[in-house]
Amino acid sequence: MLTDPKEPLVRWPEGGVTRIPYVVYTDPAIYAHEQKTIFRGPIWHFLGLEAQIPTPNSYVLAQMGDTPIILLRDGEGTVRALVNRCAHKGTPLLYHPYGNVEQLMCIYHNWCFALDGTMISAAFERGVRGKGGLPPSFNKADHSIPALRVHVISGLVFATFSAEVMDFEDYVGPEFVANIHRVCGRPMTILGEYQQKLHCNWKLYIENVKDPYHASILHAFNGVMKMDRLTMEGGIMKGTRGWHHISYSKMTQESGGEVYEQDNLRSADIAAYGFGLRDRSITDVWDDYGDGVSMTIQTHFPNFVLQQLRNCLAVRTIVPVSPTESRLVWIAFGYESDTPEHAANRLKQANMMGPSGLISMEDGMIGGMVHHGIAGDPDKAAVLEMGGSGIDPIPGTRVSEGSVRGFWTGYRACTGF
Ligand code: FES
Ligand SMILES: [Fe+2]
């Protein structure tokens, strides 16, 4: 698309973060701007679990926006993150999704790098029989693989390209650090990994995760089974600058559920699913943390989710692929202390939640539907006025889009829109 360089990429409508111009979901120039100002900008990005790199020299491949990353544990046990790109011509140094390495050797011309990114050697660097090769002025120290700033917390690994962004714990805020320790602060085991192709811009998915308004409506099953209703005791926390959010609820404390029936919501129509499940194991839960909080969804700007939905535990990352496509990467986990029955039940709940189940299938579908609806009208805008125009949580209720507006507050700060 040819654009006038003097024209701004977007003219944000009146109304601040209560209006989201459709063009930000569809324009390739805006997508490229996001890569620079968000994903290579002042944010902390989730890369993976320490449990994925349990031993010295193990690695797993990750993605920070469009940039391929190697998350590894070096020979001394230190967790590191390097750009997965040879300093010669840019070939990815590793291409199998996980494995073990002692050094990084490019398949193209065999340039070789240590696990801290420093260049060790190049094939034929002194030429052959004194001819050819790299010039004497070539300094290997100038050709290291870029290493990222890394922060490890309770088995989760975050990284950033930014030297300026505040420390991780300040970036998210103390309640968020506490919930990470609560859900991840004991030896974890990986139960499974899966990916879901989303036919929508990445921001439509993160908006969906931050939107408690839809959870018991689109996901009729949740409301029908009284697993997640906005009438349950719960709330929202917004984190540093309001860019992040935690939504939590207590399953055992529902009161006033009749609003679902009075307002004639689809999820009140219990006939849609019959009168209950024959296999109760999918909805029977146990209290993992002894605090009665049966659901927490924690998001970090821009694209990380830590999920405790009853006993279904997972981390999710939304990887942007293009303006119109994203990849949702899930890692389901449990604890080393789990009984075989608990581990099996976590997996069963994960299947109910995942792309072949009832929740994520619906979230993926709705993102694709919205993208289809907006693609032709970049000048129009979404309306986000549930709960007013602010980003502060409203005590005692989750009937608000404040946390979605919080995402857009971070988005506008990073992109300058
Ligand atoms: S591109 Fe890696 S050695 Fe040439
Ligand atoms: Fe959802």
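Two residues are in contact if their C-beta atoms, placed from the backbone, lie within 7 Å. Keep that in mind for the whole chain. Of its contacts with a separation of 6 or more, 63% join residues 24 or more positions apart.

Now, what you are looking at. This is a predicted model: local features need pLDDT of at least 70, side-chain atom pairs count only at pLDDT 80 or more, and totals for chains, interfaces and linings use all residues. Residues are numbered from 1 along each chain as its sequence is written, while chains are lettered from A and ligands numbered from 1 in the order in which they are written.

The protein chain has 11 helices and 19 strands. These are DSSP runs, numbered from the N terminus: helices are H or I with at least four residues, strands are E with at least two. Of the 417 residues, 41% are buried. Buried means 20 or more other C-beta atoms within 10 Å of a residue's own; exposed means 12 or fewer; partly exposed lies in between.

First stop, I70. It sits in strand β4, residues 67–73. Buried or exposed? I70 counts as buried, because it has 26 C-beta neighbours inside 10 Å. Leaving out residues up to four places away in sequence, I70 touches Y59, L61, L82, N84, L93 and L94. Take L93. It is 23 residues from I70 in sequence, yet their C-alpha atoms are 8.8 Å apart.

Next, helix α9, residues 340–353. Its 14 residues should span 20 Å at 1.5 Å a residue, and its end C-alpha atoms are 20 Å apart, which agrees. The expected span is 1.5 Å times one less than the number of residues. Which residues of α9 are buried? They are N345, R346, Q349, A350 and M353. They cover an arc of only 145 degrees around the axis, so they lie on the same side of α9. That arc is taken from the directions from the helix axis to the C-beta atoms. On the other side of α9, P340 and E341 are exposed. The cover over the buried residues of α9 includes β12, β16, β17, β18 and α10.

That brings us to α10, residues 360–374, and its partner α5, residues 202–209. Their axes come within 9 Å and cross at roughly 130 degrees. Axes are lines fitted to C-alpha atoms, for helices over the stretch in contact, with angles from 0 to 180 degrees between N-to-C directions. Where do they meet? L204, Y205 and N208 in α5 meet D363, I366, G367, V370 and H371 in α10. Finally, α5 is mostly covered: eight of its eight residues are buried.
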